Number of protein chains: 2
Amino acid sequence: MPPAPAARAKLLDAFVTILLEQGERAATLEAVAAAAGVSKGGLLYHFPTKDALVEGLAEHVEKLAAEDVDLMRAAPEGPVEYYIRTSVFADTPLDRAGVALTRLSQTANPRAREALQRIHQGWFDALAEEIGDHATARAVALIGDGLYYRAAMSGETSTTPPEDVDDLLAVVRRLTRTD
Amino acid sequence: MPPAPAARAKLLDAFVTILLEQGERAATLEAVAAAAGVSKGGLLYHFPTKDALVEGLAEHVEKLAAEDVDLMRAAPEGPVEYYIRTSVFADTPLDRAGVALTRLSQTANPRAREALQRIHQGWFDALAEEIGDHATARAVALIGDGLYYRAAMSGETSTTPPEDVDDLLAVVRRLTRTD
DNA sequence: GTCTATACCCAGATAGAC
DNA sequence: GTCTATCTGGGTATAGAC
C-alpha cells in the first residue's frame, strides 16, 4: 500500500462524523469536504464518486473489524465476554466507523451491506468456536447485534453504564455455562 | 377519527414498500405517488410535506405496535415466546411498517426515532413484567432487537426457518427458566 | 380530491486553472 | 493535489386548473 495520504484519512473521518451526528442525508460531498477542510473538488480527487467514498469507508471498517476479531480470539477473558463488552457503543474508531457504515447499509448500498455481513460473520464464527452450541452462539451474537444496532439507530453517543454491562454479562455467562 | 380515505392508506403502503425494497433514498414523493397510482400533487393533498408523510407512517406504526403489545400480553404462550416468535421478520403489516420506519430513523428524523423508542419500550415493559429480573429481560429484548434490526438492515424478505426459531426459543427458555 | 405545470434548490459530477 | 467555476438531474414544494 502507498503511504495513504493524510487527506484521505481526514475525509473518511469527516464522513464518519457527519454520518454519526447528522445521518446519511446530511453526508453530502460538500459537507464532508468542508468538515475535512477541503473543497468539493479536493474530495473528488481522492474519491472520484460518492460510491468510491462509501467503498473507502467499507474497506476501512472491514480492516478494523478484522483486527478486532483477532483481538477477540486472543482475549484472555475469552471471545464471548470480549464480544459483549465491546458491543456497547464505546466511541472507538471501530464503533464509530461501524455505526456510520450501518447507517449507509440500508440506503441501497449493497457494498456496505456485504461488508457488514462479512464482519458479523467473523464475529459469529469466533463466538461459535468458543460456545460450541450453534443456537446459543446465535443468541449471544444477537444480543451483541441488538446492542450494536440500538446504538446505530438511536444516535446515542451515550455510553451504557458499566454495571448494566456487568449485569448483561452475568446473564450471558449463565447462558453459555450450561452447555 | 374520520373515515380515513383509501388513498391515504395506499400512499402509506406504497411508502413502506419502497422503503423496504429500495431504501430511503429511493422513497421520493414522486416514486411514492407513482407506486400508489396517484400524481405528486395528489400525494401532496393528503400529506402536505414529506415530513407529514413520515409522521403519518410513524403514527401508523405506533398504532400497530400498541395492538401488538396487547396481543403479546394476552398471548397464551406468554409474552416472551410471543415476542421472540414475532421478532423474526414475517412480512406482517407491523413488520413491514416497522422496518420501514427503522430505515427512516437514522436519517435525521427525530420523530421516527421517538416513535421507535416508545414502541420498544412497550415491548420491553411486557417482557420485564413476565420475566421479573431486569437484566434477563434486557437480554431477551436485545435478542429480539437483534433479529429485528438484522431484518431491517439486510433487506432480507426471506423468513427465518421455523426450526431456527425453535432452537432460539429453547435457548431463551433456558435463560428465563432459571430465574 | 386529484391533476399539470412550473419554480427553486441542491446534490453529484466535469473541466480546467493554479 | 487542490481550487473555482459550471452543468445537469432530480427532489420538494407551490399555483392553479379541472
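Reader: What area is buried between chain B and chain A?

Author: The size of an interface is often given as the accessible area lost when the parts come together. Buried area is the accessible area, taken with a 1.4 Å probe, that two parts lose on being put together, summed over both. Between chain B and chain A it is about 3300 Å², and carbon and sulfur atoms give 56% of that area. Within the area that chain B buries against chain A, Arg25(B), Gln106(B) and Met153(B) supply 21%, more than any other three residues. The contact (heavy atoms within 4.5 Å) takes 36 residues from chain A and 36 residues from chain B.

Reader: On what conventions do these values rest?

Author: This is a predicted model, in which local features need pLDDT of at least 70 and side-chain atom pairs count only at pLDDT 80 or more, while totals for chains, interfaces and linings use all residues. Residues are numbered from 1 along each chain as its sequence is written, chains are lettered from A and ligands numbered from 1 in the order in which they are written, and side-chain values use heavy atoms, with hydrogens and water left out.

Reader: Which residues come nearest to DNA strand C?

Author: A residue is near a strand if one of its heavy atoms lies within 4 Å of it. DNA strand C has 13 residues around it, of which Leu29(A), Lys50(A), Ser39(B), Tyr45(B) and His46(B) come nearest. By class, five are nonpolar, six polar and two charged. Here Ala, Val, Leu, Ile, Met, Phe, Trp, Tyr, Cys and Pro count as nonpolar, Asp, Glu, Lys and Arg as charged, and the others, Gly among them, as polar.

Reader: Which helix gives the largest share of the surface near DNA strand C?

Author: Helices are DSSP runs of H or I with at least four residues, numbered from the N terminus. The largest share, four residues, comes from H3(B). Helix H3 (40-46) of chain A and helix H3 (40-46) of chain B each supply at least two residues of this surface.

Reader: How are the polar contacts with DNA strand C to be read?

Author: A polar contact is a pair of N or O atoms within 3.5 Å; within protein, one must be able to donate a hydrogen and the other to accept it, and residues adjacent in sequence count only if both atoms are side-chain atoms. A polar side-chain atom of His46(B) lies 2.4 Å from a phosphate oxygen of DNA strand C, and a backbone N or O atom of Ser39(B) lies 2.6 Å from a phosphate oxygen.

Reader: Which contacts does DNA strand D have?

Author: A polar side-chain atom of Tyr45(A) lies 2.5 Å from a phosphate oxygen of DNA strand D, and a polar backbone atom of Ser39(A) is 2.6 Å from a phosphate oxygen. The side chain of Lys40(B) places an N or O atom 3.3 Å from a base oxygen.

Reader: Which residues of H2(B) are buried?

Author: Buried means under 20% relative accessible area, exposed over 50%, and partly exposed in between (1.4 Å probe, protein chains only). In helix H2 (residues 29-36) of chain B, the buried residues are Val32(B), Ala33(B) and Ala36(B). Their directions, taken from the helix axis to the C-beta atoms, fall within an arc of 100°, so they line one face of the helix. The face turned away from this buried side carries the exposed residues Ala34(B) and Ala35(B).
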